[in-house]
Amino acid sequence: MELLEKYDKLSEQLLKTFEGKIERGDAIEPRDNMPDGYRKHLIRQISQHAHSEVIGMQPEGNWITRAPSLKAKQVLLAKIQDEGGHGLYLYSAAETLGITRKEMIDQLHTGKAKYSNIFNYPSLTWADIGAIGWLVDGAAIVNQVSLQRTSYGPYSRAMVRICKEESFHQRQGYEIMAKMMKGTKDQQEMAQDAMNRWWWPSLMMFGPHDGESPHTSDAVKWKIKRSSNDELRQKFIDKTVPQAELIGLTMPDKDLKWNETKNCYDHGPIDWNEFYRVINGNGPCNRQRMEHHARVHHEGGWVRAAAEAYSKKKENI
Amino acid sequence: MATDSQLSMWEVFMQSKPGNNYIHAGTVHASDKKMALQNARDTYTRRGEGTSIWVVPTDAIVASDPNDNDMFFDPANDKVYRLPTFYVMPEGAKAI
């Protein structure tokens, strides 16, 4: 009994120290004491963020062999390599919390860990590569800029590194869209079609409306999340609409209009039924994305095995 | 297929240019030193962020325990005479 009381007292003390640090705005580092819930929340969020970067390579990889010029192909390759790098920064940050790479990949393959819903949509035309860079990376940047101030040190440092690299992605996407909007009527229609298909899923990337988001309250309390879903979504809309208008794209939302009093855009209702349909596995590409990842992962197994065998052999010489 | 090993973990330190400190960048997975160095280059220096890299097996790192911070770093706290501001300079003394 006495031992139990002692234990309770100690955990209470540790929690106080942790909350004090969060309150002061100190970063939490891997070896610091942290509540289980904080660790779990971070593992879930960071690993899903990592999976999103890696799965996000697929819709873009679809266009490497068909890029319209050598320059476009080089740029796209560099961008996709960056996405792989971003995945690695994030896996590296998640591993500091005690989960292994293998566990994370298993969770992805069994469906326990999700990835950003947006990558379950297909990239049908070259304009989609523009729309992905401009809108999808644009939305990701808004979220990631805010996460640079997240309370967990390794996650925050990964975000700083990623943000430095993402703006190249967004600009290359916008350049593609701007170029197509200056092109033939067919090219303009292609760009507008990509805009129409990617706009709403991009808005959904910020997650459910505040108050309907299942993980928000703890994340805000622990300063993992520094801005709400709706705040970030609004920021994204406000900076994107003028960019669309500048190159002659029409916003695919008839309710979208400038609100003078609020000093921001009002937008029409988001189709959350579609969001939940896709997130629960029934989007256009969910199965394809997962099958591809699992297949490539297993097919590459022999390379890792060979590398390890080679390293062991060298030790024995 | 024999294994789904993810290889072992290495800590990466980078010097952005000669003269600077080596700073921890993150980790990579690799089966040996050579692969660790190449993976570190591919992962952390795609834009000339570094001119020199160290890789160290993660299990070779020894780290202090944050729970011992008070005790461990205590010797620094009561030796203010190690700081230049401890000393009283005569009025008018310059360039010291």
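At what angle do helix α8 and helix α10 of chain A pack, and how far apart are their axes? Select residues 185-204 and 229-246 of chain A: the angle is about 160 degrees and the axes are 10 Å apart. (Axes are lines fitted to C-alpha atoms, for helices over the stretch in contact, and angles run from 0 to 180 degrees between N-to-C directions; helices are DSSP runs of H or I with at least four residues, strands runs of E with at least two, numbered from the N terminus.) That makes α8(A) roughly antiparallel to α10(A), since angles over 145 degrees count as such, under 35 as roughly parallel, 65 to 115 as roughly perpendicular and the rest as oblique.

A word on the model before moving on. It is predicted, so local features need pLDDT of at least 70 and side-chain atom pairs pLDDT 80 or more, while totals for chains, interfaces and linings use all residues. Residues count from 1 along each chain as its sequence is written, chains are lettered from A and ligands numbered from 1 in the order written, and side-chain values use heavy atoms, without hydrogens or water.

Now show the side chains between these two helices. On α8(A), pick Met195(A), Trp199(A), Ser202(A), Leu203(A) and Met204(A); they meet Arg233(A), Phe236(A), Ile237(A), Thr240(A) and Ala244(A) of α10(A). Contact here means heavy atoms within 4.5 Å.

Look for Met177(A), Met180(A) and Met181(A) on α7(A); their partners on α8(A) include Gln187(A), Met190(A) and Ala194(A).

Time to bring in chain B. Colour the 24 residues of chain B that are in contact with 28 residues of chain A. Between them, the chains bury about 2,300 Å², 48% of it from carbon and sulfur atoms (buried area is the accessible area, with a 1.4 Å probe, that two parts lose on being put together, summed over both). Select Gln6(B), Arg46(B) and Arg47(B): this trio supplies 24% of the area that chain B buries against chain A, more than any other three residues.

Stay on Arg46(B) and zoom in. The side chain of Arg46(B) meets that of Glu165(A) in a salt bridge, 2.9 Å from N to O. There are five salt bridges between the two chains (a side-chain nitrogen of Lys or Arg within 4 Å of a carboxyl oxygen of Asp or Glu).

Last stop: β2 (22-30) and α1 (33-44) of chain B, the elements that each give two or more residues to the side touching chain A. The largest share, four residues, comes from β2(B).
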